[in-house]
Amino acid sequence: MQAMKKNRLSKSLVGISLSLSLLTSGTMLLNPHAAQAATADTTAAATAISTSKANSLINTAESYIGKVRYGFGVRDTKRLILDCSAFTQLVFSKNGITIPWGSKAQAQVGTAVKSKSSLRKGDLVMFSVSKPGQINHVGIYIGNGQFISNTTSSGVVIRDMNTGYWKDRFITGRRL
């Protein structure tokens, strides 16, 4: 008796699933604009989530201003002595995103963003600070041509990447 009830329940669930599947596919066939609107809504929601995550990354990074000391090749998160890539790794980790340590390693994650004008908030930005053309500094793009990073001279700071020292040092960005 129990087996018959389970069997009927299974058949009912399959029937309901099939009916819903046909109903939604029929709606898309009969009203393609509704299907496009649904896709647009999904895309907008994904963008909102990305924007929210980017803002969270930036807020986390800014919370370390004045608290982190720079140490070349150092990743001491307990004492907050970090190099630039350990800083970005820490910020992303605090937001549930795992990235490797090292600016060259971080330059391999996500997808490339070749031009400054294509950067979005939350993108990693890579620079050459010693050997021309070689990535050896990383930060997080915060919008309006600015980025936040951990520097040897000032610790965690926000800088303009379109003027002064940083203007001609940008190599690439990475979007996660």
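A: Happy to. Let's start with S85, which lies in helix α3, residues 84–94. Helices here are DSSP runs of H or I with at least four residues, strands are runs of E with at least two, and both are numbered from the N terminus. Keep in mind that this is a predicted model, where local features need pLDDT of at least 70, side-chain atom pairs count only at pLDDT 80 or more, and totals for chains, interfaces and linings use all residues. Residues are numbered from 1 along each chain as its sequence is written, and side-chain values use heavy atoms, with hydrogens and water left out.

Q: Is S85 buried or exposed?

A: S85 is buried, at 2% relative accessibility. Buried means under 20% relative accessible area, exposed means over 50%, and partly exposed is in between, using a 1.4 Å probe and protein chains only.

Q: What does S85 touch?

A: Leaving aside neighbours within four places in sequence, S85 is in contact with W101, G102, S103, Q106 and V138. Contact means heavy atoms within 4.5 Å. A polar atom of the S85 side chain also lies 3.0 Å from the backbone nitrogen of G102.

Q: And how many residues of α3 are buried?

A: Nine of its 11 residues are buried, so α3 is largely enclosed by the rest of the structure. Among them are C84, F87, L90 and F92. Just after α3, G96 takes a positive phi of about 80 degrees.

Q: Let's zoom out. What's the secondary structure of the chain?

A: The protein chain has four helices and nine strands. From the N terminus on, the order is α-α-β-β-β-α-α-β-β-β-β-β-β. Buried residues make up 35% of the 176 residues in the chain. Looking at contacts with a separation of 6 or more, 52% are between residues 24 or more positions apart.

Q: Switching topic: how many salt bridges are there?

A: There are two salt bridges. The term means a side-chain nitrogen of Lys or Arg within 4 Å of a carboxyl oxygen of Asp or Glu. One of them joins R175 and D123, at 2.8 Å from N to O. R175 lies in strand β9 (residues 170–175) and D123 in the loop between β4 (111–113) and β5 (124–127), so the pair ties together parts that are 52 residues apart in sequence.

Q: Is D123 buried or exposed?

A: D123 is buried, with a relative accessible area of 2%.

Q: Which residues make the other bridge?

A: R79 pairs with D76, and their closest N and O atoms are 2.9 Å apart. R79 is exposed, with a relative accessible area of 58%.

Q: Now pockets. What's the volume of the largest one?

A: The largest pocket has a volume of about 410 Å³. For the method, a pocket is found on a 1 Å grid over the protein atoms alone, as an open set of points where a 1.4 Å probe fits, with protein on both sides within 12 Å along at least five of seven lines, and lining residues have an atom within 4 Å of a point. Grid points are joined across faces, edges and corners, and the volume is the space filled by probe spheres set on the points.

Q: Which residues lie nearest its centre?

A: Of the 20 lining residues, Y70, C84, V129, N136 and H137 lie nearest the centre of the largest pocket. Helix α3 comes back here: α3, α4 (103–106) and β7 (146–151) each supply at least two residues of the lining.

Q: What about the second largest pocket, what is its volume?

A: About 350 Å³ for the second largest pocket. It is lined by 14 residues, and the closest to its centre are S50, T51, A54, R120 and K121. Helix α2 (residues 32–62) gives the most to that lining, with six residues.

Q: Back to backbone angles. Which residue other than glycine has a phi near 55 degrees?

A: N144 is one of them, with a positive phi near 55 degrees. N144 sits in the loop between β6 (137–143) and β7, and is exposed at 76% relative accessibility. L80, which is not a glycine, also has a positive phi of about 55 degrees. L80 is in the loop between β2 and β3 (81–82), and counts as buried at 19% relative accessibility.

How values were computed. A polar contact is a pair of N or O atoms within 3.5 Å; within protein, one must be able to donate a hydrogen and the other to accept it, and residues adjacent in sequence count only if both atoms are side-chain atoms.
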